[in-house]
Amino acid sequence: MYNKNNTLTFSTEPYVKANRNDTVFWMVKESVHELWGMMTEATKASQEDIQTPAPTTKTLGPCPETPPDLLGPLHVDFNYNRTLDEVRKEISSPLQEGGRYKPPDCISRQKVAIIIPFRNRHEHLKHWLYYLHPILTRQQLDYGVYVINQDGEGVFNRAKLMNAGYVEALKEYDYDCFVFSDIDLVPMDDRNLYRCFDNPRHLAVAMDKFNFKLPYNSYFGGVSSLSKGQFLKINGFPNTYWGWGGEDDDIYRRITFRGMSISRPDLVMGKYKMIKHVRDKHNEVNPANPGKLSQTQWTMDKDGINSLNYTVKEIVKDILYTFINVDITAPPS
């Protein structure tokens with residue numbers, strides 16, 4: 001019978017008292033045990049039916065073609081004298097060691113290595129990191145920042161450092177796109193995407209020092225991007241342009257000689273602000289460089305990534321970047 005708490009109960013005592021019959025007593029007792037066993041099995045079955053759902057792993061899809069969180073035109077100001085520790089504190093939270101980042105909610109369409117040829121520009125580096133990391137994360141890039149420092153005080157060679165950066169970055173990750181950037185240039189619009197396109201891309205098309213205009217049609221300086229395939233197709237960059245000038249025009253010629261053309265953003269999205277500075281010591285204009293341009297068509301197959309030689313002296317991993325110090329056997333200035 002059920003009591004007021006809806007609990008099924010059995011009483012064997014009345015039967016024992018009324019009948020004094022051992023047979024009846026044991027029959028009732030066995031029935032109680034059988035019914036109790038049936039209830040226990042039913043309870044266990046019910047509990048087995050209520051199963052905890054298996055944990056599911058969310059499959060990430062590709063990031064959208066147009067990143068959704070871009071801001072457009074940006075205010076860029078180099079007057080604030082920020083320290084590198086302040087930059088780390090303010091912008092490093094989403095980053096991994098070595099200046100690496102992956103978007104957490106989608107798979108980036110490209111794996112991008114940012115290559116910066118460098119020497120004695122630590123003040124500029126702070127500004128570049130402060131502005132570029134937030135831009136690159138908003139662009140949903142799977143990227144790493146590589147600062148390629150020329151060891152010693154010999155004549156500077158920008159293009160050879162960029163070649164070394166390409167090789168060193170590929171030792172760490174399977175990058176398929178390479179953005180080569182001067183340390184003193186910051187984009188003024190985050191819609192200018194730091195990734196690769198069907199053709200080699202010239203990104204810094206409207207610098208403030210040129211009144212936000214392209215200085216000449218074949219200009220390929222400042223900031224550019226090439227896919228791995230495009231870079232190898234032109235045999236990388238020349239290693240023989242010591243000092244300032246000429247290497248950008250050589251790279252442009254390599255691209256055209258291999259049947260490719262240059263793509264660019266428009267003059268609004270392609271705006272850049274340059275950090276004002278005097279020309280670096282040991283990077284003076286080299287009057288011999290322009291004369292080499294007439295030979296590019298014949299020298300590009302033997303002067304480039306296939307003839308590159310350098311020695312890595314040190315690699316330092318900061319949360320904001322990977323610093324690679326290389327000896328490129330520079331001649332004395």
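Buried residues make up 46% of the 333 residues in the protein; buried means under 20% relative accessible area, exposed over 50% and partly exposed in between, with a 1.4 Å probe and protein chains only. The model is predicted: local features need pLDDT of at least 70, side-chain atom pairs count only at pLDDT 80 or more, and totals for chains, interfaces and linings use all residues. Residues are numbered from 1 along each chain as its sequence is written, and side-chain values use heavy atoms, with hydrogens and water left out.

The secondary structure comes to nine helices and 11 strands. Helices (H or I, at least four residues) and strands (E, at least two) are DSSP runs, numbered from the N terminus. Of the contacts with a separation of 6 or more, 82% are between residues 24 or more positions apart. A contact here means heavy atoms within 4.5 Å.

Begin with helix α4, residues 122-138. Its 17 residues should span 24 Å at 1.5 Å a residue, and the end C-alpha atoms are 25 Å apart, which agrees. The expected span is 1.5 Å times one less than the number of residues. α4 has a kink of about 30° at Leu132, shortly before the proline Pro134. That bend is the angle between axes fitted to the seven residues ending at a position and the seven starting there. In α4, 14 of the 17 residues are buried, so the helix is largely enclosed by the rest of the structure. Just after α4, Gln140 takes a positive phi of about 55°.

Helix α3 (residues 84-91) packs against α4. Their angle is about 10°, and their axes lie 9 Å apart. Axes are lines fitted to C-alpha atoms, for helices over the stretch in contact, and angles run from 0 to 180 degrees between N-to-C directions. The two helices are therefore roughly parallel to each other, a term for angles under 35 degrees; over 145 is roughly antiparallel, 65 to 115 roughly perpendicular and the rest oblique. On the α3 side, Leu84, Val87, Glu90 and Ile91 take part; they meet Lys126, Leu129, Tyr130, His133 and Pro134 of α4.

Next comes helix α5, residues 158-172. Its 15 residues should span 21 Å at 1.5 Å a residue; the end C-alpha atoms are 22 Å apart, in agreement. α5 is mostly covered, with 11 of its 15 residues buried. Among the buried residues are Arg158, Lys160 and Glu168, along with Leu161, Met162 and Tyr166.

Now the strands. Three of them form an open sheet in the order β5-β9-β7, with mixed pairing. β5 (185-187) and β7 (206-207) stand at the edges, each with a single partner strand, so one side of each is left without a neighbour in the sheet. Two strands pair if DSSP finds at least two bridges between them. β7 and β9 (residues 271-274) run parallel and are joined by two bridges. Met207 has Tyr272 of β9 as its bridge partner.

Leu214 lies in the loop between β7 and β8 (223-227). At 25% relative accessibility, Leu214 counts as partly exposed. Beyond residues up to four places away in sequence, Leu214 touches His202, Val205, Tyr219, Arg264 and Leu267. Ala204 is 10 residues from Leu214 in sequence and 8.7 Å from it in space, C-alpha to C-alpha.

The last stop is a hairpin. Four residues join β10 to β11. β10 (residues 311-317) and β11 (residues 322-327) pair in the antiparallel sense over six bridges. Glu314 stands opposite Asn325 in β11.
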